[in-house]
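Thanks, everyone. Today I want to walk through the charged contacts and the ring contacts in one model. Here it is on the screen.

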Amino acid sequence: MSVSFARTLKNFWRSGISRSLRQIAMINDTKSGVLVGTDDFGNKFYETQDPVEIHMRTRWVEYKDFWKYDMSQVEPAWHYWLAYGTDTLPTKIPESEKSVRAYPTPKVHAPHLTFTKGAYIPYNTAKPKIQTWIPEVKERSA
């Protein structure tokens, strides 16, 4: 079992109180590991080789922005590494092995804008099937 009182105390000791409390708030667990890299957004990526960790739960990200974090703030190459698509760190890939795209990629990818003022809202051209009822008031005849 991965979550135990002894393991939590051990990770508190290794990571420190403030970082452990931040991890509990973000990922609902305490982890200790080695910093393997950071991305352009300032997110930090960690990995552990601790045998008590659950399989496929040995990599994690600690977001720079604590209050408004989202997985879209992780670059695609780091996202692929977090999902165990590769064991090679994105910073260690040689230039000759990087993929070539048919279109130019932006230097810094855009964050996810859902639930913000910059969110995409589609323009609807279809006529609504349901019309709102507008009451018509007529004079009563005497």
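Salt bridges to start. Searching the whole structure gives 8 of them. The term means a side-chain nitrogen of Lys or Arg within 4 Å of a carboxyl oxygen of Asp or Glu.

Keep in mind that this is a predicted model: local features need pLDDT of at least 70, side-chain atom pairs count only at pLDDT 80 or more, and totals for chains, interfaces and linings use all residues. Residues are numbered from 1 along each chain as its sequence is written, and side-chain values use heavy atoms, with hydrogens and water left out.

Look at Arg7. Its side chain meets that of Asp29 in a salt bridge, 3.1 Å from N to O. Arg7 is in helix α1 (residues 5-15), and Asp29 is in the loop between α2 (17-27) and β1 (34-38), 22 residues apart. Helices (H or I, at least four residues) and strands (E, at least two) are DSSP runs, numbered from the N terminus.

Is Arg7 buried or exposed? Buried, at 4% relative accessibility. Asp29 is buried too, with a relative accessible area of 9%. Buried means under 20% relative accessible area, exposed over 50%, partly exposed in between (1.4 Å probe, protein chains only).

Arg7 also has a salt bridge to Glu53, 2.8 Å from N to O. Glu53 is buried at 9%.

Now the strands. Arg59 and Glu47 form a salt bridge, with the closest N and O atoms 3.2 Å apart. Arg59 is in strand β3 and Glu47 in strand β2, 12 residues apart. Arg59 is buried, at 10%. Back to shared partners: salt bridges join Arg7, Asp29, Lys31 and Glu53 into one network.

Next, the rings. How many aromatic pairs are there? The count is 5. Rings of Phe, Tyr and Trp (its six-membered ring) pair if their centres lie within 6.5 Å; planes under 30 degrees apart count as stacked, over 60 as edge-to-face and the rest as tilted.

Phe45 and Trp78 are stacked, 4.2 Å centre to centre with 5 degrees between the planes. Phe45 is in strand β2 (residues 44-47), Trp78 in helix α3 (residues 76-82), 33 residues apart. Both are buried. Tyr46 and Trp60 have ring centres 5.6 Å apart and planes at 15 degrees, so that pair is stacked. Both of these, Tyr46 and Trp60, are buried.
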